Amino acid sequence: WGLLLLAAALGVTAAAHCPAPCVCDNLRAHVLCVNGSLTAIPDTIPELTRKLDLRGNSFVVIPAGAFLTTPYLTHLDLQHSKVERLEEGAFRGLGRLVYLNLASNGIALLYQESLDGLSSLQQLILEGNRIEEIQPGAFGHLGSLIILDLRSNALVYLPDMVFQGLQVLRWLRLSHNALHVLGNEAFAALPALRRLSLDHNELQALPGEALARLDGATWLDLGHNPITYVAEEALAMASLRNLFLNHASLQDVAPDAFARSPQLRILDLRENQLQGLPPLAGAGELVKVTLDGNPLLCSCLLRPFQMWLARARVQAEGACAAPPALRGRSLNSLKSPEMRCSRLRPPPNPTALPEQPRAAGSKQCPQGCVCSPDFHHGSCENRDLQEIPQDFPEDTRLLDLQRNPFRKVPPDAFPGLKELVSLYLQRCSIRVLHPGALRGLESLVYLYLTNNHLSTLAAAAFEGAPQLAYLDLDHNAFTRVPAGTFRLLPNLISLHLQHNVIGEVAEGDLAGARRLRWLYLAGNAIRHIAPAALAPTKMLEKLQLEGNHLSEVPTEALQGLPGLSELKLSQNPIKQIGDSVFLPVASSLQHLYLDNMGLERISPYAFTGLGPKIRSLYLESNKMNNIPDMSNFTGLEILNLQDVPFHCDCQLLPLHRWINKLNLRVGATCGSPAEAQGLKVKLSTTFQTCPGWGQGEAGEINKTKAGSKPSKKKRSGKSPARDFSKSRA
C-alpha cells in the first residue's frame with residue numbers, strides 16, 4: 001500500500017498503462033487478462049501490480065525474464081494457457097511472489113533453472129500438466145515453498161534428492177500420476193513435510209525405504225495403488241498418525257507391519273481383498289481401523305484380531321462377508337462364540353520377494369564424460385562421439401548421450417546398467433536400433449529418441465527392457481506407427497510419435513499397448529484411423545491428433561475407450577461435425593479441442609451425450625456462425641469462442657442469453673450483420689429488437705457494461721435447455 005500511495009502522490013496510475021484486452025483494478029493492484037488471445041506476456045502491465053491473472057491464453061513458452069517489468073507481483077495465475085515450456089529464468093525477478101498457478105497446461109519437463117528467482121514462493125500448483133520427469137535441482141531455489149501440487153501428471157519415477165531445497169515444504173501432492181519407481185532417497189531432503197499424497201499411482205509394493213526418510217510426516221495417502229501385501233516392519237515413520245491404504249489390492253498384512261510407526265492412530269483399509277487381519281503388534285496408539293468393503297471371513301480365524309480390538313480398545317468398521325450366518329454383521333457386534341471354525345482354509349500368506357542386494361557402483365567414467373556419484377548421473381552430451389561409450393558406473397540411473405552422431409544403437413550397447421532409469425538419445429542421427437540394443441536395461445523407464453532419423457523399429461530392439469513406460473519418438477521419419485513394437489513393452493504408458501510423416505493408424509499398429517494412457521500423434525499427415533486401431537488401448541486417457549489431415553471426427557475409432565478424458569482435433573481440415581460424433585466417449589470426456597479447423601457447421605446434435613463432465617471446450621478460430629445447445633455444460637471452466645464470425649440476429653438470442661449467465665469470458669464476437677460487426681455477442685444491442693426480449697436482459701447488459709457483478713443466479717452457468725443453432729425467439 002505504501003508503494004501505491006507513493007505512486008498516487010507522484011501521479012502514476014496503473015490504469016494509464018493497462019494493456020488491451022486486460023482489465024486493471026488500480027485500487028487493489030490487480031490485473032486480469034483472462035480467456036483472451038494473448039500469445040506473449042504483455043510488457044506494459046503496470047509495474048506496481050500485485051496480482052496478475054492470465055488464465056485461458058495461448059502462451060506456449062514462458063521466456064526468460066518474462067516478468068521483469070512487474071517485480072512486485074505476489075500472485076500469478078497461468079492456468080489453461082497452453083504453456084508447454086518454461087525457459088530457464090522464466091520467473092527471474094519475482095522475488096515477492098508467494099502463489100504461482102500453472103495448472104492445466106502442457107508442461108512436460110522441469111529444468112534445473114525453470115523456477116529460479118522465486119525465493120518467496122509458498123504455493124506452486126502444477127496439477128494437470130504432462131510432466132514426465134523432474135530433473136534434480138528443479139526446486140532448489142524454492143526455499144520458502146509450503147505446498148507443491150503435482151497431481152495428474154505423467155510421473156513414473158522419482159529420482160534420489162529430486163525435492164532437494166524444499167526445506168519448509170509441508171504438503172507434497174503426487175496423486176493421479178503413474179508412479180511405480182521411487183528412489184530410496186527421493187524424499188530425503190524434506191525435513192518439514194507433514195502430508196504426502198501418493199494415491200492413484202502404480203505402486204506395487206509399499207515404498208518403505210523411501211518413506212522412512214520422512215521422520216515428521218503425520219499423514220500418508222497410498223490409496224488406489226495395486227499393493228498386494230504389507231510386509232514385516234514395512235513402514236518406519238516415527239510421527240505417522242493417519243495412513244490410507246484404501247482401494248488397493250491388499251490380500252494380507254503382516255502382524256508387525258506397522259510396529260515401527262508407533263504414533264499411528266487411523267488406519268484406512270477399505271475396499272481391499274482382505275479376509276481378515278492379525279493382531280497388529282506395536283501399534284499402541286491406534287484408535288480406528290476401517291475395513292469396509294473387504295470380503296471378511298468371520299470364522300475362528302478372525303478371533304485373535306477381534307480379541308485384540310477389544311483389548312487395545314480399537315474401533316473397527318467393517319462387516320462380515322462369510323460365513324452366511326454372519327454375513328452383514330458388523331465387526332463390533334460379534335462375540336467370540338459366534339466365530340466358529342470353518343472348513344475353509346485361509347489362503348497362504350504372500351511372501352515378500354527378497355530384496356536383491358544392491359551392487360556397489362564402480363567409480364569409473366568413460367573418457368570425456370562426466371559422472372555424478374551423488375545423483376547417479378552420467379553425461380556425454382555433445383562430445384562428437386561416433387560410438388556409444390561403455391564402462392559407466394553400475395549404479396547410473398540417468399544417462400545423457402544426446403547430440404552425438406552415433407547413427408545406430410548396436411546390440412548390448414549398455415552393459416552392466418541394470419539400474420538405469422532414464423536414457424537420453426536425442427539428436428544422435430540414429431537410423432536403426434538393432435535387436436537387443438536395450439538388452440539388460442531391466443529398470444529402464446524413460447527412453448528419449450527425439451530428432452533422429454528412425455523410420456522403422458524392430459520389436460526385438462526392446463528385448464530386456466520390460467519396465468519401459470515412456471517412449472519418445474517425436475521428430476523422426478516414421479511413415480506409419482511401428483506395428484508389433486509394443487508387444488515386448490507391457491508397461492508402456494506414454495507414446496510420443498509427434499511430427500513424423502504418419503499417414504494412417506491401421507488395425508494392429510498398437511497391438512500389445514494394453515496399458516497405454518497417453519498417445520501423442522500431433523503434427524503428422526494422418527488422414528484415416530481404422531475403426532479397430534485403438535482397440536488395444538482400452539486404458540487410453542489422452543489422445544492428441546492436432547495438426548493432421550483428418551476430414552472428420554474418427555467416431556468409430558473412439559469406441560471402447562471408456563477412460564478417454566482429453567481429445568485434441570485442432571488444426572485438422574474438419575469442415576462439418578455431424579450428429580453424436582462424441583457419443584462413444586461422452587461419459588468420460590473432459591477436455592475437447594476443436595479450434596483452428598476452418599469448421600463451417602456443427603450439427604445441432606453434435607454434442608449429444610456430453611454434459612457436466614466437460615471442463616474445457618476450445619472452438620476458437622473457426623468459420624461457423626452458430627453452435628449447438630450447450631446449456632447442460634454446467635462444469636465448464638474454459639470456453640473459447642474467439643475469432644468465430646457469429647451472425648448476431650434473433651436466431652442467436654438463446655446463445656446470447658446463455659453466455660450472459662456464464663461466469664466465464666468466452667470471447668464471442670459478432671461477425672455480422674454490419675451494425676454489430678466487432679461487438680461482443682454478450683453486449684450486442686441487435687437482440688433488443690427480437691420478440692421475447694425482456695427488460696431483465698437489458699438490465700443485465702447495462703450492469704455488465706457498468707462493470708458490476710451479476711447476481712448469483714446469473715452466475716450459475718445453468719440455463720434452460722435450448723438449441724442454439726435452431727431456436728428462434
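Strands here are DSSP runs of at least two residues, helices are DSSP runs of at least four, and both are numbered from the N terminus. Keep in mind throughout that this is a predicted model.

**The whole chain, before zooming in.** The chain carries 5 helices and 45 strands. Out of its 729 residues, 52% count as buried. Take the contacts between residues at least 6 apart in sequence: 54% of them join residues at least 24 apart.

**Ser261 in its loop.** Look for Ser261 in the loop that runs between strand E19 (252-253) and strand E20 (266-268). Its relative accessibility comes out at 0%, so Ser261 is classed as buried, the cut-off being under 20%. A polar atom of the Ser261 side chain sits 3.3 Å from the backbone nitrogen of Met237. Once residues up to four places away in sequence are set aside, Ser261 touches Leu235, Ala236 and Met237.

**Phe582 and the largest nonpolar core.** This core has 104 residues, and the members that touch the most others are Phe414, Leu423, Leu471, Ile577, Phe582 and Phe607. Helix H4 (residues 653-661) supplies the largest share of the core, with 4 residues. Zoom in on Phe582 and skip its neighbours within four places in sequence: its contacts are Val553, Leu567, Leu569, Ile577, Leu592, Leu594, Ala606, Phe607 and Leu610. Another core, of 102 residues, lies apart from this one, and Cys24, Leu211, Ala257 and Leu331 are among its members.

**The rings of Phe607 and Phe633.** The structure holds 12 aromatic pairs, and this view shows one of them, Phe607 with Phe633. The ring centres are 5.8 Å apart and the planes make an angle of 45°, so this pair goes down as tilted. Phe607 belongs to the loop between strand E41 (601-602) and strand E42 (616-618), while Phe633 belongs to the loop between E42 and strand E43 (638-640), so the pair ties together parts 26 residues apart in sequence. Are the two partners buried or exposed? Phe607 has 5% relative accessibility and counts as buried; Phe633, at 2%, counts as buried too.

**An aromatic cluster, and charges over rings.** One aromatic cluster is made up of Tyr424, Tyr446, Tyr448, Tyr470 and Trp518. Elsewhere, rings have charged residues over their faces: Arg195 lies over Trp219, at 3.7 Å from the ring centre. Lys568 does the like with the face of Tyr593, and there the distance to the ring centre is 4.6 Å.

**Asp268 with Arg270.** Side chains of opposite charge can pair when their charged atoms come close. The count of salt bridges comes to 22. In the one shown here, Asp268 pairs with Arg270, and their closest N and O atoms are 2.8 Å apart.

**Arg439 with Asp412, a link between two loops.** The closest N and O atoms of this salt bridge are 2.9 Å apart. The pair links distant parts of the chain, 27 residues apart: Arg439 is in the loop between strand E30 (432-433) and strand E31 (446-448), and Asp412 is in the loop between strand E28 (408-409) and strand E29 (422-424). Arg439 is partly exposed, with a relative accessible area of 34%. Asp412 counts as partly exposed as well, at 37% relative accessibility.

**Arg615 with Glu637, another loop-to-loop bridge.** These two side chains meet in a salt bridge at 3.5 Å, N to O. Arg615 lies in the loop between E41 and E42, and Glu637 in the loop between E42 and E43, so the bridge ties together parts that are 22 residues apart in sequence. Arg615 counts as partly exposed at 28% relative accessibility, and Glu637 is partly exposed with a relative accessible area of 36%.

**A salt-bridge network.** Which residues does the network link? Here Glu127, Asp149, Arg151 and Arg173 are joined through salt bridges.

Notes
Residues numbered from 1 in each chain as written. Predicted model: local features only at pLDDT ≥ 70, side-chain atom pairs only at ≥ 80, totals over all residues. Heavy atoms only, no water. Buried < 20%, exposed > 50% of the residue type's maximum accessible area, 1.4 Å probe, protein only. Polar contact = N/O pair within 3.5 Å; in protein donor to acceptor, adjacent residues only side chain to side chain. Contact = heavy atoms within 4.5 Å. Core = buried A, V, L, I, M, F, W, Y, C linked by side-chain atoms within 4.5 Å. Phe/Tyr/Trp six-rings, centres within 6.5 Å; stacked < 30°, edge-to-face > 60°. Lys NZ or Arg CZ within 6 Å of the ring centre and 35° of its normal. Salt bridge = Lys/Arg side-chain N within 4 Å of Asp/Glu carboxyl O.
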